[in-house]
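Please keep the sequence and the structure in view while reading.

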Amino acid sequence: MSDGEPLTGEPLALDLVNTRSAGPEGRTADLIDTPRRLAAWLDLEADRLPGDFSRTAPSPDDLAAVHAVRAHVEATLRAVTEGNAPPPSALRALTEAQRLAPVVRELAWDGAAVTAAPRRTGPLGVRLAAHLAESAADLLSDPGIGKVRQCEAEDCVLLFLPAHPRRRWCSAARCGNRARVARYYQRHKSSTANSQAGMGS
């Protein structure tokens, strides 16, 4: 996984927040900054999203709706994980996003039985924002929310929910490797400097 790729595999709400990562020189990089990149992220998350999200190309309005939900989820998560009360405006916005596209159990006959599939109606962005806000509600109201951590790598802002209490990085392949390489480099640099100092005496 490269730094330009979104981190996936965390709860969906964390994956959404993690689409904003640290870019060069500490600037924030938006990994879903265009409708095309949002579509690519939706493909990465396809197994956790209703099928109809991947069949429609997102518009700039859809992107704006997702960005709004992401900002509210991030503000709430950062506050809660730091032991603070979340901004009431963020909680209201996440609730309202769900309200705009409520889930309806759509009844149908499949030839043998009545089925009741959950469906949302409305434009893609409204439905997507509702689904993402609902996943945020699940995460934020979970008793394990206090376990969410920020990656310990110096230049990383990504969040994760550790399955193991000793986990320190968002990704062992990304930040974990960089940290190990940096430690090795520091040890090697120190031993080289000590050797040279010893030869000079």
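**Threonine 76 and its surroundings**

Leaving aside neighbours within four places in sequence, Thr76 is in contact with Pro86, Pro87, Ala90, Leu91, Leu94 and Leu140, where contact means heavy atoms within 4.5 Å. The model is a predicted one, in which local features need pLDDT of at least 70 and side-chain atom pairs count only at pLDDT 80 or more, while totals for chains, interfaces and linings use all residues. Residues are numbered from 1 along each chain as its sequence is written, and side-chain values use heavy atoms, with hydrogens and water left out.

- Thr76 is found in helix α3; helices (H or I, at least four residues) and strands (E, at least two) are DSSP runs, numbered from the N terminus.
- With a relative accessible area of 1%, Thr76 is buried. Buried means under 20% relative accessible area, exposed means over 50%, and partly exposed lies in between, with a 1.4 Å probe and protein chains only.

**Helix α3 against helix α5**

- Helix α3 (residues 60-81) packs with helix α5 (residues 124-140) at an angle of about 15 degrees, and their axes are 8 Å apart. Axes are lines fitted to C-alpha atoms, for helices over the stretch in contact, and angles run from 0 to 180 degrees between N-to-C directions.
- The angle makes α3 roughly parallel to α5. Angles under 35 degrees count as roughly parallel, over 145 as roughly antiparallel, 65 to 115 as roughly perpendicular, and the rest as oblique.
- The crossing in which α3 passes α5 is right-handed. A crossing is left-handed if the near helix is turned anticlockwise from the far one by less than a right angle, and right-handed if clockwise.
- On the α3 side, the contact involves Asp62, Ala65, Val66, Val69, Val73, Thr76 and Leu77. Among the residues they meet in α5 are Leu128, Leu132, Ala136 and Leu140.
- The residues of the contact of α3 with α5 divide into 13 nonpolar, two polar and one charged. Ala, Val, Leu, Ile, Met, Phe, Trp, Tyr, Cys and Pro count as nonpolar, Asp, Glu, Lys and Arg as charged, and the others, Gly among them, as polar.

**Helix α4 against helix α5**

- Helix α4 (residues 88-100) packs with α5 at an angle of about 130 degrees, with axes 7 Å apart. This angle makes α4 oblique to α5.
- α4 passes α5 in a left-handed crossing.
- Leu94, Ala97, Gln98 and Leu100 of α4 make this contact with residues of α5 that include Val126, Ala130, Glu134 and Ala137.
- By class, the contact of α4 with α5 has nine nonpolar, one polar and one charged residues.

**Salt bridges**

- Side chains of opposite charge can pair when their charged atoms come close.
- A salt bridge is a side-chain nitrogen of Lys or Arg within 4 Å of a carboxyl oxygen of Asp or Glu, and the count by this rule comes to 11 salt bridges.
- Glu10 and Arg167 form a salt bridge through their side chains (3.0 Å, N to O). This pair links distant parts of the chain, 157 residues apart: Glu10 lies in the segment before α1 (12-17), and Arg167 in the loop between β6 (159-160) and α6 (172-200).
- Glu10 is buried, at a relative accessible area of 7%, whereas Arg167 is partly exposed, at 24%.
- The side chains of Arg48 and Asp15 also meet in a salt bridge (2.4 Å, N to O). Arg48, in the loop between α2 (35-44) and α3, is 33 residues apart from Asp15 in helix α1.
- Arg48 counts as partly exposed at 30% relative accessibility, while Asp15 counts as buried at 0%.
- Asp15, Glu45 and Arg48 are linked in a network of salt bridges.
- Glu74 and Arg78 are joined by a salt bridge between their side chains (3.4 Å, N to O). They are four residues apart in helix α3, so about one helical turn separates them. Both Glu74 and Arg78 are buried.

**Two further threonines**

- Thr8 lies in the segment before α1 and counts as partly exposed, at 35% relative accessibility.
- Not counting residues up to four places away in sequence, Thr8 touches Asp15, Leu44 and Glu45.
- Thr121 lies in the loop between β4 (114-119) and α5 and is exposed, with a relative accessible area of 60%.
- Thr121 touches Ala101 and Arg127, not counting residues up to four places away in sequence.
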